[in-house]
Amino acid sequence: MTDLINLHISEAADLLAKKEISSVELTRAHLAEMEKGRVLNAYITETPERAMADAEVSDKRRANGESLGALDGIPIANKDLYCTKDVRTTAASKILSNFLPTYESTVTQKLKDAGTVMLGKVNTDQFAMGGSTRTSYFGESKNPWTDANGEYALTPGGSSGGSAAAVAAGLCMGATGSDTGGSIRQPASFCGITGIKPTYGRCSRWGIVAFASSLDQAGPMARSVKDCAIMLESMAGYDKKDSTSVNTPVPNYLSALTGDIRGKKIGVPKEYRMDGMNEDVAKVWDKGIQFLKDAGAEVVEISMPHTKYALPVYYIIACAEASSNLSRYDGVRYTTRVEGATLDDMYKNTRTDGFGDEVIRRILLGTFVLSAGFYDAYYTRAQRVRRLIAEDFKKAFETVDAIVAPAAPTPALSFADMANMDPVSTYLGDVFTTPSSLAGVPAMALPVGMSSNGLPIGLQIIGKHFDENTVFQVADVMEKSAGFNLMPHRVKG
Amino acid sequence: MYTIKGNTSDWELVIGLEVHCQIISKAKVFSGASAEFGAEQNTHVSLVDAAFPGMLPVLNEECIRQSVKTGLGLNAKINKYSRFDRKNYFYADLPQGYQISQLYYPIVGEGFIEVHTSEGDRKIGVERLHLEQDAGKSIHDMHPTKSFIDLNRSGVGLMEIVSKPDMRSPEEAGEYLRQLRAIVRALGTCDGNMDEGSMRCDVNVSVRKVGETILRDRVEVKNVNSVRFVMQAIEIEANRQVEVYENGGTVRQETRLFDPNNNETRPMRSKENAHDYRYFPDPDLLPVILTDEYIEEIRASLPELPEAKKKRYVSELGLTDYDAHVLTLDVETSRYFEEAMIGQDPKKVANWVMGDLFGYLNKNGLTVSNSPVSAKNLGALVGLIADGTISGKIAKDVFEIMAETGKEPAVIVEEKGLKQESDTGAIEKLIEEILSANQDKVAEIKAGKDKLKGWFVGQIMKASGGKVNPALANQLLDKKLAE
Amino acid sequence: MAFNEETVANVANLARLNLTDEQKQKFAGEVDGILNWVEQLQEVNVDGIEPLVSVTEQTDAIRADVVTDGGIQADLMKNAPESAHGFYVVPKMVE
């Protein structure tokens with residue numbers, strides 16, 4: 001019998017189509033694996049009854065010859081930042097810990113409409129602020145990849161760490177993530193899976209708890225480039241309810257997976273090769289470059305001179321926007337409330353109690369950089385440098401079709417190491433991902449090699465605005481060349 | 001020039017107004033909920049208006065059109081590039097924790113409004129018009145320790161029209177506000193109803209010694225919700241400031257609240273902490289780009305504005321400046337007047353509108369929109385006088401009946417038998433009877449006491465119950481006396 | 001630039017947060033560290049560079065003036081910590 005947990009979405013879709021397996025079987029197997037995998041704390045909310053009901057409906061549909069396509073009957077998980085109708089949506093925070101939306105986000109609705117089966121809501125850093133899930137009110141998720149002692153002691157990364165851990169451990173076949181400064185790509189790299197942050201404006205942000213509006217983008221996480229292509233095709237598309245979603249047709253992403261990148265020009269930004277770079281990461285990057293050359297691509301060095309400023313620019317802009325976006329959590333309409341004698345007391349008690357330290361830290365920073373007397377020096381200046389960063393990409397893409405770079409500066413870190421890091425040191429984990437976030441261009445992470453201590457290391461393929469096709473095309477070739485074993489990293493027991 | 005006398009100097013006033021006009025539109029500015037006033041609490045509210053997680057604003061095109069229209073009506077520059085900013089502050093009726101407004105790039109730039117006061121005509125500068133969203137409403141009298149929040153108004157489109165500090169007297173500020181209201185009402189962009197809060201006014205007042213060119217610190221007086229209160233609040237606040245300065249104190253920049261019951265302004269407690277609104281461009285919204293074609297299309301569709309209408313009433317209809325001004329202050333009034341004057345002498349119609357009609361309406365708390373005397377009927381009444389059917393005196397009685405019954409004047413004249421007598425035979429007979437009964441007075445007239453003719457006309461009118469056309473009576477009297 | 005405890009207190013008040021002295025001290029140090037780190041942006045020459053507000057270049061996100069929403073009072077109140085008669089209820093606001 002097929003091990004249902006090991007299947008990729010594309011493989012399961014074939015078997016479902018041939019009626020060799022049913023969605024009920026597939027879903028049941030994943031629900032069982034979820035129980036086994038609770039040690040990873042990947043899920044905040046499991047929805048097994050709903051999943052089984054969805055699976056039965058899917059099987060009936062298929063029996064009637066009314067299959068909705070490749071995703072019909074596929075069990076997935078949603079990051080707990082996506083509002084899901086009648087299913088608790090917490091943003092991994094205390095303040096939203098009882099929030100039951102009466103509406104469904106556009107992206108999860110699209111996935112529902114494609115026939116997917118939702119297994120539950122997965123963990124994230126609180127309000128997506130962090131790179132480890134350590135800021136979650138519901139506790140950190142564990143990376144299914146163990147440390148040298150065989151312990152679940154490593155972070156899955158973040159903020160979409162619950163998604164990455166669940167996908168990597170076979171607790172779902174694919175998951176939604178969201179990426180503001182690397183929140184899909186860094187955990188994908190830490191957990192040895194694939195994930196794409198599409199072009200800003202490609203997926204609707206409607207119904208996703210906002211972190212930083214000018215940067216937030218929805219995207220899929222899965223165990224192959226192909227699976228991400230299948231998922232993104234369902235998730236993407238113009239939404240008139242989101243003014244920043246772009247009215248342009250969604251191409252057939254699967255057709256991009258031609259396996260042929262001969263003649264493609266791939267840029268390697270020299271500024272990404274930083275002093276004191278992690279040796280394992282540098283080696284995997286070189287290996288990836290060699291794969292591309294071997295496949296017939298032309299690899300050239302390019303310069304993106306403002307790269308080093310991306311991180312500080314990102315933190316100013318993201319925190320400024322967040323400080324405003326999080327003002328709505330005030331104890332009046334849908335959050336928890338801590339009473340106070342006056343309205344202001346109630347606000348202060350509610351917000352101080354309901355937000356974790358990292359969220360408070362970012363609200364303080366964001367409020368400060370927007371305040372009178374500092375706005376121009378910090379916020380406006382950051383926006384100007386943001387333009388320079390975006391222009392670096394524009395210029396690069398005048399000569400190259402895609403860019404290849406590491407996804408994260410290190411393999412997965414241990415919780416013990418992270419406990420002693422100051423905020424700035426933890427922010428450095430986004431060094432390779434924030435430039436493309438600021439420019440709004442699509443970028444995909446995929447596992448390409450291993451570190452000396454046996455942990456996965458991912459690379460990023462970055463493309464032009466709305467050219468996810470080239471990203472998928474190049475990533476697909478690299479995935480095949482790397483031959484990375486994208487089987488679930490099964491939880492023992 | 002309007003000044004306040006102090007011991008050390010005469011003081012002049014520097015006044016600017018910030019007027020919030022609720023835009024007339026079906027839906028709210030960033031959501032699809034109804035913008036209609038007066039619904040049950042929290043029923044004209046979408047998830048966007050209540051700022052639920054993940055909700056996003058999408059701009060209503062009508063609010064753009066209405067803003068441009070208003071900008072054109074204010075003789076202002078329309079900005080082809082405008083953008084939205086967030087104004088951040090916490091309040092229970094502001095669900096997002098920020099108001100979407102336009103600080104850096106407003107949709108309308110500089111313009112002006114012409115006002116007419118006892119000191120002559122002046123152009124008052126408009127600094128800008130920007131588009132923003134309204135807040136909800138807090139109700140404080142439903143519970144001893146709680147406030148209740150209704151978000152029906154949250155997200156309704158507002159135009160904030162900011163004047164330059166160009167006004168120098170309460171009268172001028174009052175006229176500016178009246179004129180602004182007349183303009184938005186004529187344009188159909190705001191109903192201008194200050195009672196219901198669809199037009200709200202904040203007043204900036206400072207004083208300075210006559211001859212000074214500097215601007216001293218100004219005080220913002222909030223929520224002054226009628227033209228009369230605006231004028232009162234300015235006077236009271238300016239006098240307070242003069243007193244402070246004259247006593248050696250300084251006026252500090254602050255926000256005060258006008259209390260019409262106690263005739264004073266007092267500091268607003270909630271505004272004590274200096275606000276820091278942390279404006280920044282709203283990343284959820286894109287810039288608004290307007291084309292010349294779009295602006296010109298709106299310009300071409302503009303109705304005649306009060307100022308132009310007023311000039312036309314003077315030059316084409318021969319009305320006085322004052323009459324033209326009064327008849328154009330309100331679009332409903334000018335509409336009524338223009339309907340009533342079809343086929344009639346405009347000056348006579350104007351007299352009836354401003355005299356008997358306004359008198360009646362004021363006395364009964366009515367307006368031209370719900371006047372029992374329709375414009376058509378009032379015009380018909382003037383027509384009956386003009387063609388000699390009734391006298392001006394009888395017309396007053398007919399008007400009273402029209403106001404009570406809403407009937408057409410011709411019907412009333414017919415029913416009550418008020419038609420003016422023009423059968424010369426019958427009138428001559430009547431005159432003969434009066435003359436023969438007063439032979440002594442006839443003799444006096446013939447002896448040269450011409451003034452007695454008026455007495456006879458009075459007798460004729462009296463005997464006929466006022467139904468004789470006085471001119472005709474005069475003419476026939478002369479004829480009989482000459483016989 | 002010194003982001004001290006006084007600045008934290010002021011900013012926390014703007015953001016409606018209630019910090020203990022201990023928290024103030026902690027956050028002052030951390031945020032000050034972040035601000036020192038972002039100081040490096042001062043070395044970038046941004047003369048004549050327009051601030052980038054949005055990477056989206058389209059401008060046609062606009063809605064027709066049609067009422068499509070509302071009438072969901074029960075949904076609005078469903079998650080409210082306190083409500084009555086279809087109103088949200090908060091501690092009394094004074095003016």
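**A walk through chains A, B and C**

Let's start inside chain A, at A:Q383, which sits in helix α12, the stretch covering residues 375-399. Keep in mind as you look around that this is a predicted model. A:Q383 has a relative accessibility of 4%, so it counts as buried. What does A:Q383 touch, leaving aside residues up to four places away in sequence? Its contacts are A:I317 from chain A, B:P281 from chain B, and C:E50, C:P51, C:L52 and C:V53 from chain C.

Now move to another helix of chain A, α10, which runs over residues 343-354.

The size of an interface is often given as the accessible area lost when the parts come together. Between chain C and chain A that area is about 5300 Å², with carbon and sulfur atoms giving 66% of it. On the chain C side 51 residues take part, in contact with 68 residues of chain A. Across this interface there are 22 residue pairs in polar contact, both residues being at pLDDT 80 or more. The elements of chain C that give two or more residues to the side touching chain A are α1, α2 (21-38), α3 (73-77) and β3. Of these, α2(C) gives the most, with nine residues. Sorted by type, the residues on that side of chain C come to 32 nonpolar, 10 polar and nine charged.

Side chains of opposite charge can pair when their charged atoms come close. The interface of chain C and chain A has six salt bridges. One to look for joins the side chains of C:E30 and A:R361, at 2.6 Å from N to O. Both residues also belong to a network of salt bridges that links A:D357, A:E358, A:R361, A:R362, C:K26 and C:E30.

Next, turn to chains B and C. Their contact takes 52 residues from chain B and 36 from chain C, and the area buried between them is about 3800 Å², of which carbon and sulfur atoms give 60%. How many salt bridges are there between chain B and chain C? The count is one, and you'll find it where the side chains of B:K146 and C:E82 meet, 3.2 Å from N to O. On the side of chain B that touches chain C, β3 (59-60), α1 (61-73), β9 (137-139) and β10 (146-150) each supply at least two residues. β10(B) gives the most, with five residues.

Salt bridges also form within a chain, and over all chains the count comes to 72. In chain B, B:D282 pairs with B:R86, their closest N and O atoms being 3.3 Å apart. B:D282 lies in the loop between β16 (280-281) and β17 (288-289) and B:R86 in strand β5 (residues 85-88), so this pair ties together parts of chain B that are 196 residues apart in sequence. Buried or exposed, what are B:D282 and B:R86? Both are buried.

A:R262 counts as exposed because its relative accessibility is 62%, while A:D260, at 31%, is partly exposed.

Definitions and conventions:
Residues are numbered from 1 along each chain as its sequence is written. Chains are lettered from A and ligands numbered from 1 in the order in which they are written. This is a predicted model: local features need pLDDT of at least 70, side-chain atom pairs count only at pLDDT 80 or more; totals for chains, interfaces and linings use all residues. Side-chain values use heavy atoms; hydrogens and water are left out. Helices (H or I, at least four residues) and strands (E, at least two) are DSSP runs, numbered from the N terminus. Buried means under 20% relative accessible area, exposed over 50%, partly exposed in between (1.4 Å probe, protein chains only). Contact means heavy atoms within 4.5 Å. The expected span of a helix is 1.5 Å times one less than its number of residues. Buried area is the accessible area (1.4 Å probe) that two parts lose on being put together, summed over both. A salt bridge is a side-chain nitrogen of Lys or Arg within 4 Å of a carboxyl oxygen of Asp or Glu. A polar contact is a pair of N or O atoms within 3.5 Å; within protein, one must be able to donate a hydrogen and the other to accept it, and residues adjacent in sequence count only if both atoms are side-chain atoms. Ala, Val, Leu, Ile, Met, Phe, Trp, Tyr, Cys and Pro count as nonpolar, Asp, Glu, Lys and Arg as charged, and the others, Gly among them, as polar.
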